[in-house]
Amino acid sequence: MMVREARAGMTLRACVVTAVVIASYALGPRAALAGAYIFAGESNPDAVAHPKGYLGTGGTVSVSVCVDPAFPHAADSAISLQNLVATYNALLPTTGNLVFGGSNNIPSGFIDVESTLVHEVGHCLGLAHPNLATESGLSGNDRNYTKAANGADNIYGTDPGSDGVIGSSDDVRGDDVNLHWFQRANNNPFSIAGTVDTSSYSRDLSALPAGHLFATNADRTVSTLFGVSNTEAVMQQGAFSDEDQRQLAHDDVATLRYAMSGLDEAAGTGDDYALVLTYAGQTSSCDIVVRFDSVSSFASCSVGGSFLNGTHARITSASISMNTGYNWFFNDEFSFPTPTTTSTPTLTPTTTATATPTLTATATVTATPTLTATPTATVTPTPTPTATPTATVTPTATVTATPTPTPTATPTPTVTPTPTLSATPTPTATSTAPTVTPTPTVTPTATATVTPTATPTVTPTATVTATPTVTATPTATATPTVTPTVTATPRLACTPPPAPTGPTPTPVTAAATLCQRVIAKESAKLVTARVRALHKCEDRKLAGKLPSGTFCEADPKTATKLAKAASKLVKKIAARCGGDNRVCDGDLTEEDPAALGFASTCPDFGASGCSFGIFDCADVSACVECIASAATARSTTGLFDSMVAADPDVAKDLNRCQRTIGREAARLAVTRDKTVQKCWEGRLRGKHDDHCPDGAAAAGSKGRKAADKIQKAEARYVTKICRACGGDDRSCDDSLVGPGGSFFPGSGGADDTTVAAIGFGAECSDAASASGGAVCFGSVTTLGDLVECVACLSDVAGSCVDTARVPGFGAYPCGCNP
């Protein structure tokens with residue numbers, strides 16, 4: 001059953017916003033920017049909400065999330081909470097984030113806890129519904145019109161326009177006051193600008209593209225108009241049962257990133273901040289507390305806040321209530337997306353407005369004197385003069401919200417929005433508490449389409465066996481000499497996709513050449529920064545300096561480094577690929593992706609969610625960033641996660657072996673990426689026509705030189721690991737072959753550190769393919785097998801990033817998304 005308020009069908013989901021005590025700022029309408037934030041309304045449409053902890057000075061804002069152990073399901077929800085923490089830290093815009101039926105792990109008839117919590121945490125961070133939702137008082141599909149206030153006539157405009165699609169750009173909304181952000185360039189909520197701030201987003205309808213009548217919202221029905229299916233903003237009110245919506249969409253990310261541009265709403269200035277969530281475990285002492293109880297609604301986030309200035313508020317308290325009366329599904333699978341946060345924290349102190357007292361409303365808030373609010377109550381607050389020029393106005397009232405139960409065969413909760421009291425120098429606050437009863441809608445049954453599975457063909461590695469050579473002499477017969485047989489970790493054969501369509505790989509303009517060079521160069525820098533930051537964090541875990549359960553993508557210090565690196569890539573690409581205005585704003589005369597060799601869709605990496613549309617240079621930036629992030633996360637974090645850290649005080653040699661494997665794998669990845677980037681740079685400048693790298697090219701050629709340098713790095717990698725893990729003889733017992741084909745003889749001994757002791761898996765596999773195979777596969781029983789496997793995984797990840805950054809020079813390897 002579908003109900004448009006709920007994360008999953010069966011019932012409602014509501015964001016309960018508390019009353020906010022505001023300093024003496026007049027919050028009348030202003031003609032500038034705003035968005036779908038929880039404190040925005042007709043009287044203050046430009047209000048922007050920030051997470052708890054933001055004071056306007058920039059830097060890193062850390063928000064902790066926990067589950068109260070005094071209530072049911074505290075342990076059951078641990079994995080879902082850790083997953084959503086990683087999701088928000090990754091800040092990865094995803095298409096196709098609606099996963100139904102047999103395509104997810106949710107049993108039929110169950111409601112996904114993780115999907116619901118991703119939505120509610122968004123409210124607790126300051127985001128509102130992008131659609132009108134149940135708080136509008138409308139019913140049925142009318143709730144899916146874009147977020148707005150109902151204007152002077154107090155009636156919502158509900159004309160879907162000529163396309164008949166509610167929530168699209170041709171909706172006729174009368175005098176409704178828009179509260180939803182949109183991209184100035186295209187009004188497309190399923191894409192995101194490279195720089196998210198006042199220069200690229202607006203609430204003012206006069207900034208809409210020509211021919212557009214109203215801001216478009218990211219509803220699943222609207223997504224079909226933009227050529228993307230099964231996609232909807234997480235913050236959109238409404239979802240199905242048996243539905244997985246655990247990843248953020250472009251609109252969710254854009255709204256968060258706009259707030260992260262700070263009080264001046266301009267990215268790259270001193271008040272910017274990076275948002276980092278942390279999982280605090282089972283406790284009631286954190287910034288966002290989750291409780292499973294018998295609340296009257298389905299799920300809700302109660303938020304208190306105070307204004308930093310006339311239009312910017314910060315959250316001061318937040319808690320989530322999940323009703324235990326529903327068939328909840330608790331995800332038991334970890335899923336960590338890779339971070340693509342683009343806000344750069346700047347630790348520059350600025351003047352901060354004095355925080356004002358905060359009145360937090362629950363079901364009943366009591367103050368003195370007592371006044372009972374009716375559906376339309378007028379409250380007159382008493383001004384309190386202070387020693388400063390700014391007067392503080394404190395509303396004193398009791399607001400009582402009474403839910404109205406609606407008996408039905410199916411549990412149908414009743415939502416009573418909590419009124420917000422706004423104070424002005426001559427304050428008159430009006431509190432309205434309508435009672436809205438949602439109408440259940442039948443859930444359509446998704447039918448899975450079976451795709452024929454291709455049977456992989458394994459390409460055998462040639463085995464060379466020497467023929468014994470016998471030499472006769474008058475006194476003796478020679479003993480045959482046999483060359484050892486070595487088989488490297490095999491790779492599954494796969495059919496590469498066709499090369500991307502577009503112009504010739506050779507750039508036709510100087511601007512396109514410069515743009516391509518910047519894309520390649522900055523993505524290489526991103527890879528280096530990510531590998532080094534992740535390795536440092538993982539190595540500290542092995543050294544016992546960080547808890548072994550630390551998820552490095554969400555570690556505050558590491559996440560800040562990753563965010564800075566990603567932000568730099570976005571800014572550099574916009575500056576060199578965005579034309580005269582240096583902004584990726586959809587002007588394809590300046591930034592046509594096809595002219596740069598990019599296809600219309602970003603190629604995925606290992607089903608990590610990078611398969612979104614490419615329409616301008618902002619999407620190009622997001623594409624190379626997504627693939628680089630996913631590849632480095634898999635080759636770095638995946639490697640360390642396979643090892644159980646040895647205590648450096650108890651098992652010093654084993655600990656040194658483990659840390660050496662991680663360090664040398666990271667060094668090999670960085671060397672490979674830098675070497676290949678230098679080779680591509682030469683080709684982009686027209687210095688050669690080689691593929692990078694190319695071990696079969698002529699000696700002295702650029703492609704061959706790159707291959708030779710990588711083989712040299714592989715030799716160091718093998719030598720270092722074999723010395724640290726090879727026992728007394730400081731050499732791997734077995735011979736092995738590197739990805740580049742280099743042969744490394746073994747010692748023939750039997751004293752290597754065992755694979756089991758290191759903690760590595762019994763099989764080398766980087767990603768299962770649709771046919772059940774993998775790109776790097778084979779048994780890992782010896783140290784030599786482990787060394788080969790890690791090198792293979794690193795080589796595959798590097799090849800994928802290499803090709804993604806210069807798509808005009810070759811087809812994307814089939815092993816990147818088997």
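Cys-515 is buried, with a relative accessible area of 4%, and in this predicted model its disulfide partner is Cys-577, the two sulfur atoms lying 2.0 Å apart.

**The disulfide of Cys-515 and Cys-577**
- Cys-577 is buried as well, with a relative accessible area of 2%.
- The torsion about the S-S bond of Cys-515 and Cys-577 is about 105°, so this disulfide is right-handed.
- Because Cys-515 lies in helix 5 and Cys-577 in helix 6, the pair ties together parts that are 62 residues apart in sequence.

**Further disulfides**
- Cys-124 and Cys-301 form a disulfide with their sulfur atoms 2.1 Å apart, and the link is right-handed, with 130° about the S-S bond.
- Since Cys-124 belongs to helix 2 (residues 113-124) and Cys-301 to strand 13 (residues 299-307), this pair ties together parts that are 177 residues apart in sequence.
- Another disulfide joins Cys-602 to Cys-623, at an S to S distance of 2.1 Å, and both of these cysteines are buried.

**Nonpolar cores**
- The largest nonpolar core has 75 residues, and those with the most contacts inside it include Ile-519, Phe-605 and Tyr-717.
- Among the elements that give two or more residues to this core are helix 5 (510-542), helix 6 (556-577) and helix 8 (617-641), and helix 8 gives the most, with 13 residues.
- Apart from this core lies another, of 66 residues, among them Ala-47, Val-85, Ala-193 and Ala-254.

Notes. Residues are numbered from 1 along each chain as its sequence is written. This is a predicted model: local features need pLDDT of at least 70, side-chain atom pairs count only at pLDDT 80 or more; totals for chains, interfaces and linings use all residues. Side-chain values use heavy atoms; hydrogens and water are left out. A nonpolar core is a set of buried Ala, Val, Leu, Ile, Met, Phe, Trp, Tyr and Cys residues joined through side-chain atoms within 4.5 Å. Buried means under 20% relative accessible area, exposed over 50%, partly exposed in between (1.4 Å probe, protein chains only). Helices (H or I, at least four residues) and strands (E, at least two) are DSSP runs, numbered from the N terminus. A disulfide is a pair of cysteine sulfur atoms within 2.5 Å.
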